[in-house]
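Try each one before reading its solution.

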Amino acid sequence: MRSPRIMGVVNVTPDSFSDGGRFSDPAAAIAHGRALAEAGADILDIGGESTRPGAEAVSEAEELARVIPVIEGLAGLTLSIDTYKPAVARAAVKAGASIWNDITALAAPGAPETAAELGCTVVLMHMQGEPRTMQAAPHYDDVVAEVAAWLAARAEAAMAAGVSREKIWLDPGVGFGKTPAHNLALIRHLDRIIDLGFPVLLGLSRKRFIESLHPGPDRLGGSLAGALIGAAKGADVVRVHDVAQTAQALSLLRAVEETP
Ligand code: 7PJ
C-alpha cells in the first residue's frame, strides 16, 4: 500500500507556546519546523491564527508578522500556509510556501482568483459555520453526501477561476462544525471524498472528539490510530502534530502490508 505523506503542524500562535501570551519568536517555530522535517514530515503547515473551536480572529498584519519570518527561515522545505486570507497566502507563497491550506476552501473575496494567479497547490477544507461558533449545533441530514457535494462544488469553483485540477486537494475538515458522529461517518466513508478524484488530506491529530470517545492523559493514541485509519482508507496526506510517532506508526503499517 502507498503510505500517505506527513504534513507536520507548525503553529505560530501565542496559545501554542507557553511564553506568557506574546507570540513565539520565529526562531523557536523555525527550530520546531526543522525538527519535524528531520522526524519525517514531508510538508510543514505554518499557521499564524488558531482555528480551534472558540478561537478569536487575528489581524492580517499580525498574521503576516507571525508567519513570514518562519516561512523564510524554513526555505528549501515543502511548506504550506494555513490561512483563509488571500493577502497572507500571497505573501507566504512569495516567501517560499507552495501550498495554500484554506479551512474556508477559498471563500474570501478574490481567493479563487488569487490561488489561480499564485499557481500553488490549494487544500480545500470543509467547515460548517465559523471557528468561534461552529461546534454549537452542527447539523446535517447526510453528512457524507453533503460534505462530498460541497467539496466537489468548491473544486469546480476553484477550477472556474483558473486553478488547475492537479493543484487541488480536498479535506473533509474533521472537527470543523461536526459532532463526533459526523466525524466518524466522514472517516468511515472517506472513499466517498476520494472518489471525487482529487488527493485527500485528513487531519485528526489531537482533536477534541478523540477524547469524547475515550478519555486519556493526552490524545496521542487516538491521533496515531487516526493516521493509520487515514492511511488504510487511502488518504494522500495526514496532517499531524506528533510527526516522529506518526512516521513510526505508518512505517509499521507499511512494513506489514509489504510483507509477503
Ligand atoms: C485542520 C487544518 C484540518 C486542514 C486545522 C487543529 C485545528 N487544516 N487546520 N485540515 N485543522 N486542511 O489542528 O486541531 O483538519 S487547525
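**Exercise 1: a helix pair**

Helices α3 and α4 are roughly parallel to each other, because angles under 35 degrees count as such. This is a predicted model, in which local features need pLDDT of at least 70, side-chain atom pairs count only at pLDDT 80 or more, and totals for chains, interfaces and linings use all residues. Residues are numbered from 1 along each chain as its sequence is written, and side-chain values use heavy atoms, with hydrogens and water left out.

Task: find the angle at which α3 and α4 pack, and the residues that meet.

Step 1. The angle between α3 (residues 86-95) and α4 (residues 111-118) is about 10°, and their axes are 10 Å apart.

Step 2. On the α3 side, Pro86, Ala89, Arg90 and Val93 meet Ala111, Thr114, Glu117 and Leu118 of α4 (contact means heavy atoms within 4.5 Å).

Step 3. Sorted by class, this contact of α3 with α4 has five nonpolar, one polar and two charged residues.

**Exercise 2: the ligand**

Task: identify the closest residues around the ligand.

Step 1. Of the 14 residues that surround the ligand, the closest are Thr51, Asn101, Asp171, Lys207 and Arg239 (a heavy atom within 4 Å is required).

Step 2. For lysine 207, a polar side-chain atom lies 2.5 Å from a ligand oxygen atom.

Step 3. In the side chain of arginine 239, an N or O atom is 2.9 Å from an oxygen atom of the ligand.

Methods
Axes fitted to C-alpha atoms, helices over the stretch in contact; angles between N-to-C directions. Helix = DSSP H or I, 4+ residues; strand = E, 2+ residues; numbered from the N terminus. Parallel < 35°, antiparallel > 145°, perpendicular 65-115°, else oblique. Nonpolar A, V, L, I, M, F, W, Y, C, P; charged D, E, K, R; others polar. Polar contact = N/O pair within 3.5 Å; in protein donor to acceptor, adjacent residues only side chain to side chain.
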